[in-house]
Amino acid sequence: MTAIVVWGIVIIVVVNTFGAIITVFRQQRDIAATWAWLLVLILLPIVGFILYLFFGQKISEEKIYDLKTQARLGIDQRVTEQKERMRQLKTQAEPTLSPEIQSLINLFLVSNTAVLTRENQVSVLTELPEAYQRLLIDINSARDHVHLEYYAFFESAHGKQLVNLLAYKAQQGVKVRVIYDAFGSQKISRHFFKPLLKAGGQVTPFFSSKFRFINFRFNFRNHRQFAIIDGNTAFLGDFNQFNYYRGSLARDTRLKITGDGVLSFQARFFMDWNAATRQSKVYYSPAYFPTSAEHGTTNMQLVSGGPDRELPEIKLGFLKTIAAAKKRLWIQTPYFIPDDSVLAALVLAINSGVTVKIMIPENPKHRLVHQANLYYARQIVRAGGQVYLYQSSGFRVRAMMIDGQLAAIGTANLDIRSFKLNFETTCFLYDPSLTTQLEQDFQIDLKLCLPLTKQRLAQQTTSQRMRQDLARLLAPIL
């Protein structure tokens, strides 16, 4: 090897190392991620930088959201007023709110500017055919606007039926806007939304690329799923797909909401729409934020999370909720891949005498996810918690209930991707009767579950445990 070649290699290594350091430290990230990307970039020249382009870049909040939208909508002012009220509650006892719930509400007010809305009417919809029909009926009755934000659309009969109905409403003069995730909806053709666009509706992808299969931001996905009709009705959950999952209907928990809580969904849609589209921005109008005459029993906060946020607010909310549990904590999630802090919180709750029950699918869509789920399920069972494997296909429930007092329903899984990489929304519901109903649904689901006992874990082979251990290493990107 000549001296020129040696010096060439040295120069490449030095330049690559400095390039790796500059690249990684340009954006703030946790220590583990920093070291991991440094090793990838240094040990895999060129290839490492290609991987970083697709998986390693973070998103700047300033480059994504027109957060002035929130100020224009008057939300900041309402949050300020509610913060003051929460400070007053510290010295004035309110029997309907425990100190733990007051603390949780204040956390979301401070970190997420999530308004607490009162007296909402919330219906739980577990059967997909019924939920889908309710969505279609309400869209068909829309008079002013329909806003949809969904992770995935499918070019199925039901998907086309939804698009054709939206096109029909657009022809009637209803303002129709649709946001879809470019990665989640990658299987639809470019002509899927043509009837709606032709009718005057507006459609925009979230994080799209000029090149269909080359997108440096595909690792960040808009996983939010909700619909808003005329500013007075919102649907949260998987309604649009009507997707058969390996021969059976997906089991999910969906919500229909009327009341002031709908305004939180509307504000979220406005910020996401203005971030996704370069034209046709939407701004405040009384028609979008009507005064609600609905009077229900549910107080709620809609909490949003994503890679644009400085803090993982949904994860912090889950941690706070887990810590608040005194008697029972029941969780349903398709992806149970918690980070160390959430796992430690669950183990602490178990050791504090809380009955922790976690329900995960026996046959998830991705086998690698199943192996990672089982790894963390092992930790819970060994700590004294209870894990149940839902045996019917298509388990997609994302719910957390504590002590019959508080429930969290939304799109976020109990996994690292939902905490850091996906754009998610979760409804925190402060309503004992609604929480009791969700707990009853949990009990019904248990009839279709197989307990993951210590005896069953002891019967696992070394090969099975090794696959689970290896899957855990990929947990941050699953």
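At what angle do helix α14 (residues 367-383) and helix α18 (residues 462-473) pack? The legends below, which describe a predicted model, begin with this pair of helices.

**Figure 1. Packing of helices α14 and α18.** The two helices pack at an angle of about 100 degrees, and their axes lie 8 Å apart. Because angles of 65 to 115 degrees count as roughly perpendicular, α14 and α18 are described as roughly perpendicular to each other. On the side of α14, the residues that meet α18 are Leu-368, Gln-371, Ala-372, Leu-374, Tyr-375, Tyr-376 and Arg-378. Their counterparts in α18 are Gln-464, Arg-465, Arg-467, Gln-468, Asp-469, Ala-471 and Arg-472.

**Figure 2. Packing of helices α12 and α13.** Helix α12 (residues 313-324) and helix α13 (residues 340-351) have axes 9 Å apart and pack at an angle of about 10 degrees. Angles under 35 degrees count as roughly parallel, and α12 and α13 are therefore roughly parallel to each other. Lys-315, Leu-319 and Ile-322 represent α12 where the helices meet. From α13, the residues taking part are Ser-341, Val-342, Ala-345, Leu-346 and Ala-349.

**Figure 3. Lys-320 and its contacts.** Lys-320 belongs to helix α12. Its relative accessibility is 33%, so Lys-320 counts as partly exposed. Which residues does Lys-320 contact, leaving aside its neighbours within four places in sequence? They are Ser-103, Leu-104 and Leu-107. The C-alpha atoms of Lys-320 and Leu-107 are 8.8 Å apart in space, although 213 residues separate the two in sequence.

**Figure 4. Strands paired with β19.** Strand β5 (residues 221-222) runs parallel to β19 and is joined to it by two bridges; here Arg-221 stands opposite Asn-422. Strand β11 (residues 298-305) pairs with β19 in the antiparallel sense over seven bridges, and Gln-301 of the chain stands opposite Phe-428 in β19. Strand β17 (residues 406-410) also pairs with β19 in the antiparallel sense, over five bridges. Leu-406 has Tyr-430 as its bridge partner in β19.

**Figure 5. Strand β7 between β6 and β10 in its pairings.** Strand β10 (residues 254-258) runs antiparallel to β7 and is joined to it by four bridges. Phe-235 has Lys-256 as its bridge partner in β10.

**Figure 6. The buried residue Gln-266.** Gln-266 lies in helix α11 (residues 261-276). Its relative accessibility is 0%, and Gln-266 therefore counts as buried. A polar atom of the Gln-266 side chain lies 2.9 Å from the backbone oxygen of Tyr-288. Beyond its neighbours within four places in sequence, Gln-266 is in contact with His-145, His-147, Ile-228, Gly-231, Tyr-288 and Phe-289.

**Figure 7. The whole chain and the confidence of the prediction.** The chain contains 18 helices and 20 strands, and 53% of its 478 residues count as buried. Among contacts between residues at least 6 apart in sequence, 80% join residues at least 24 apart. The mean pLDDT of the chain is 81, and 74% of the residues reach 70 or more. Confidence is highest in strand β12 (residues 328-332), at a mean of 97, and lowest in strand β8 (residues 244-245), at 48. Over residues 90-94 the pLDDT stays under 50, and the model has five contacts for this stretch beyond four places in sequence.

How values were computed
Residues are numbered from 1 along each chain as its sequence is written. Side-chain values use heavy atoms; hydrogens and water are left out. pLDDT is the predictor's confidence in each residue, from 0 to 100. Contact means heavy atoms within 4.5 Å. Two strands pair if DSSP finds at least two bridges between them. Buried means under 20% relative accessible area, exposed over 50%, partly exposed in between (1.4 Å probe, protein chains only). A polar contact is a pair of N or O atoms within 3.5 Å; within protein, one must be able to donate a hydrogen and the other to accept it, and residues adjacent in sequence count only if both atoms are side-chain atoms. Axes are lines fitted to C-alpha atoms, for helices over the stretch in contact, and angles run from 0 to 180 degrees between N-to-C directions. Angles under 35 degrees count as roughly parallel, over 145 as roughly antiparallel, 65 to 115 as roughly perpendicular and the rest as oblique.
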